[in-house]
Structures are given as C-alpha cells and as structure tokens.
Amino acid sequence: MKVMVLGADGYLGWPLSMKLANKYDYEVIGVDNFSRRERVREIGSDSALPIRSMDERIRAFEENFGKKIIFEEGDLRDYEFVEKIIKKYRPDVIVHFAEIPSAPYSMIDVHHAVETHENNVNGTLNLLFAMKEFSPEAHLIKLGTMGEYGTPNIDIPEGFFEIEYRGRKDVLPFPRQAGSFYHQTKVHDSNNIMLACKIWGLRSTDIMQGVVYGTRTDETAVDERLVTRFDFDEAFGTVINRFCAQAVIGHPLTPYGKGNQTRGFLNIMDTMRCIETIMRNPPKEGEYRVVNQLTEVLNINEIAEKVQNIGKELGLDPVIERIENPRVEAEEHYYNVDYKKLGEMGFRRKYTVDDSIRYMLEDLIPHKERIEKYKRHIIPKIKWREGLSE
Ligand code: NAD
Ligand code: USQ
C-alpha cells in the first residue's frame, strides 16, 4: 500500500509516517513545508522536546528500523506542486494533516485569520482537484475537529442525523457551530470534501478529532532523534500538554474561566491506532464518511486536578490558578458525543489520561530548562474579542 502523509513533519504526521513504514511496511511518502516550525518561532516559542531536521529524522529512522520514508518538501497552497506529487506517486491513501491547527493563532488579527483560511481551505481544495484528476480511487483521510460541532445543547452524532421537519424526514449534516476562525476552516473543508465526493465520486473519511495529548509513540521513544514536537505555548500547545509542561517548571496550571469546558481527548498512540483502523476500513466510492475520534470526555478542571495529583506523586508541587478566559466559549455546557464508528471498525482504546500523565511528566522533566526558557509564552495574550494584547 502506498500512503501519502501530508504534514509529515508535524506533531502527528511524523510519528504516523514512522508507524506506517515500520509496522505495516507501507510505502510512505511524507510531504511538508515546515511551516509549523516557523509559526511556533513566530510566537517566540519552541518545542519542549528538541526535534531534528527532516533529513536527520529519516536517516535515524532508517538506522533504527531498516525502512525508508520518501519525503517531498512543498506547499499545498501551490497547485502545481500538489498536482506533481499526486501524479508522481498516485497514492492509495492520503492522510491530510497539513493545515494550521491553532485556534488562538487564527484569532490574532485579520492577517492570521486570512492566512489560516488560505492555508487550510485552499490547500484542501487543491488536493481535491488533484485527486479528481490523478487518483480518484484513493482514500482521503482528512483531519477535521470535534470543534466543528461546537457545544450544542443536544447530543452530537457522527456527522449526520435524522431530522423530522414540518412532517418530512431526512438525514442531514449535523449543524456546525465552530468557535474560532481556525475551527471554521475545518467546517469549510468538510463542506468541500462532501461536495467532491458527491460530484466526482471521491471517497473520504473526515475525522472529527478531539484534543490529542502525549509525549511519545512506540517509534519516537526508540531514539532521541526520532522524537516528535511538543508545544506548550499559548497558540500551539493543547491543554493537557500545556498543563504537564507547566507542572514541570512549577508554573501554575491555567484553566481558563470556570474550567468546566468539556472536550473529547485521546492519546497520540491511540490517534495512530485510530488512523490505521480507518485506513484498513475504507469507505465506498463516492462515500463521504464522518468519524468522531476521541476516547475520553473530560472537563478542564478534572484534567488540572489529575496533573496536580500525579505531579505531587513525582515530587512536583503544581498549583491550579484559574485565569480570565481569553476565548469566547461556553464554560458550562451539555456535552454528549457519539464515538461508536471506530469501535465498530475494531478499534479499542489502549490509553487513558490517568495512565499517561505520569510518563508525560517524566519525559518532560529532563527538558525543564527549555520550558523555563520559553515560559513567557504560556499566559495567553491572544484574546478572542480584542486580538493580540502586549
Ligand atoms: P502540526 O502543525 O504539528 O502538523 C501539521 C503539519 O502540516 C506541520 O508540520 C506543517 O508544517 C504542515 N503544513 C501546514 N500547512 C501546510 C501546507 N500548506 N503545505 C504543506 N505542509 C503544511 O499539527 P498536528 O497537531 O500534528 O495536527 C495535525 C492535523 O490534525 C491538523 O490538521 C489539525 O488541525 C488536526 N487536529 C489536531 C489535533 C491535536 O490536538 N493535535 C486535534 C484535532 C485535530
Ligand atoms: N484551555 C484552558 N487552559 C489552557 C489551554 C486551554 O482552559 O491553558 C481550554 C480552552 O479554553 C478550551 C480547551 O481547553 O476550552 C481546549 O483547548 P486546546 O487549546 O487544548 O484545544 P483547541 O483550541 O480546541 O484546539 C486543539 C487543537 C486543534 C484541534 C482541537 C480539537 O489545537 O488542532 O482541532 O484541539 S477540539 O478541541 O475537539 O476542537
């Protein structure tokens, strides 16, 4: 099987590329423009775990596992480039991670909102057109987000729901109510992919993924040159990763507002296993399938307490200090999400937040100085209403 991983230098893309090449012997073609590295530098921060260049990563992977990963550097915004790689490799599966993943980054100002839209929506459109021309049979596995749904006061199904209105029934896309311009790009992508499947017969799984956490996977743990990035700054760090980095340097843990915001979460190793499962169960020609990808539902206060308790066992002394919420979001809300489809395909969760925090803290403690160095980027300066404040 030939798999193209778009965004192969990223937090999820690098470990997935290794997993597919190592465990399954798939031919893996990684693609990236290294823009995540640049954008974290633009914020002024860096990955807590030091990461190597792509050349070094690929060399170290070959040395450790005796397998190859092909790499193409380029930008999905450039249609000529996208056409070239799809035509050259004609992949069986395309895993599309290559977007700007940060809600706060998209809320800085008009330029960052437009940049996030151009990058994410146009990159995906370029890909859809190139697939239509050169690999219409391929399975597109696209990373969307649970944040597309927002926090409605009713249960959240997997993509579609049956509705009765004025005496007639239909199965329709569940309403999307994104909470940031970033999350909104994923809604636009979902609409564009659904249309491409309908009119051109492409097949796609659109993954509504929860928040991912974790410092390692089977492959990244083997050699320090294979580590994947781990950000903790206000824009690119996600909440569990941030709380673990904060605990390691004795920075107060930072639930925003009341801290009762509830989200779906999954460990990065389970993320890999979910995507492998989806790859082995492709949709039919013309099918646009939506899968909710999460393994646990927790609120932010519960997470802070877990990090605090496990941190104490390791001799750290994390305190929790709720801070003013820089975002506009419900801080108390109903949240009942379906996530059955992955289980029906054979996926079983292996990790929980409880099992993971201890080893995450242990992995981060040796890098305390790097976290200290960039700690001024922990407290949010990007506000949903006002933009960036100094
Ligand atoms: P990431 O930023 O680490 O990875 C994305 C990679 O794509 C980066 O290496 C970046 O350089 C590259 N990229 C971005 N735009 C590109 C372009 N135009 N051309 C070529 N390469 C480009 O992000 P991640 O955390 O690995 O997330 C991967 C995907 O999963 C994203 O689409 C994100 O929105 C989605 N997602 C992530 C999470 C999470 O918690 N990490 C949760 C839900 C969904
Ligand atoms: N939060 C805090 N304190 C912090 C950081 C975050 O209380 O220090 C809260 C936020 O206000 C939010 C929740 O934690 O309510 C999640 O925030 P996050 O930054 O971990 O996640 P989010 O901005 O939603 O984005 C992340 C990824 C994104 C992905 C999304 C999945 O960056 O790529 O799409 O998770 S989901 O949240 O399900 O939409």
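Predicted model: local features only at pLDDT ≥ 70, side-chain atom pairs only at ≥ 80, totals over all residues.

Visitor: OK, how many residues surround ligand 1?
Guide: There are 27, with Tyr 11, Asp 32, Asn 119, Tyr 182 and Lys 186 the closest. To count, a residue needs a heavy atom within 4 Å of the ligand.

Visitor: And how do those divide into nonpolar, polar and charged?
Guide: The shell has 11 nonpolar, 10 polar and six charged residues.

Visitor: Which polar side-chain atom lies 2.7 Å from an oxygen atom of ligand 1?
Guide: One belonging to Tyr 182. That's a polar contact, meaning a pair of N or O atoms within 3.5 Å; within protein, one must be able to donate a hydrogen and the other to accept it, and residues adjacent in sequence count only if both atoms are side-chain atoms. A nitrogen atom of the ligand also sits 3.1 Å from an N or O atom in the side chain of Asn 33.

Visitor: Switching topic: is helix H1 largely enclosed or left open?
Guide: Nine of the 11 residues of H1 (residues 13-23) are buried, so the rest of the structure largely encloses this helix. Buried means under 20% relative accessible area, exposed over 50%, and partly exposed in between (1.4 Å probe, protein chains only). Helices (H or I, at least four residues) and strands (E, at least two) are DSSP runs, numbered from the N terminus.

Visitor: What covers the buried residues of H1?
Guide: The cover includes strands E1 (2-6), E2 (27-32) and E4 (93-96), plus helices H3 (54-65) and H9 (268-280). Contact here means heavy atoms within 4.5 Å.

Visitor: You mentioned H9. What is Thr 277 in contact with, leaving aside its neighbours within four places in sequence?
Guide: Leu 342, Met 345 and Phe 347. Thr 277 lies in helix H9 and is buried, at 4% relative accessible area. A polar atom of its side chain is 2.7 Å from the backbone oxygen of Arg 273.

Notes
Residues numbered from 1 in each chain as written. Chains lettered and ligands numbered in written order. Heavy atoms only, no water. Nonpolar A, V, L, I, M, F, W, Y, C, P; charged D, E, K, R; others polar.
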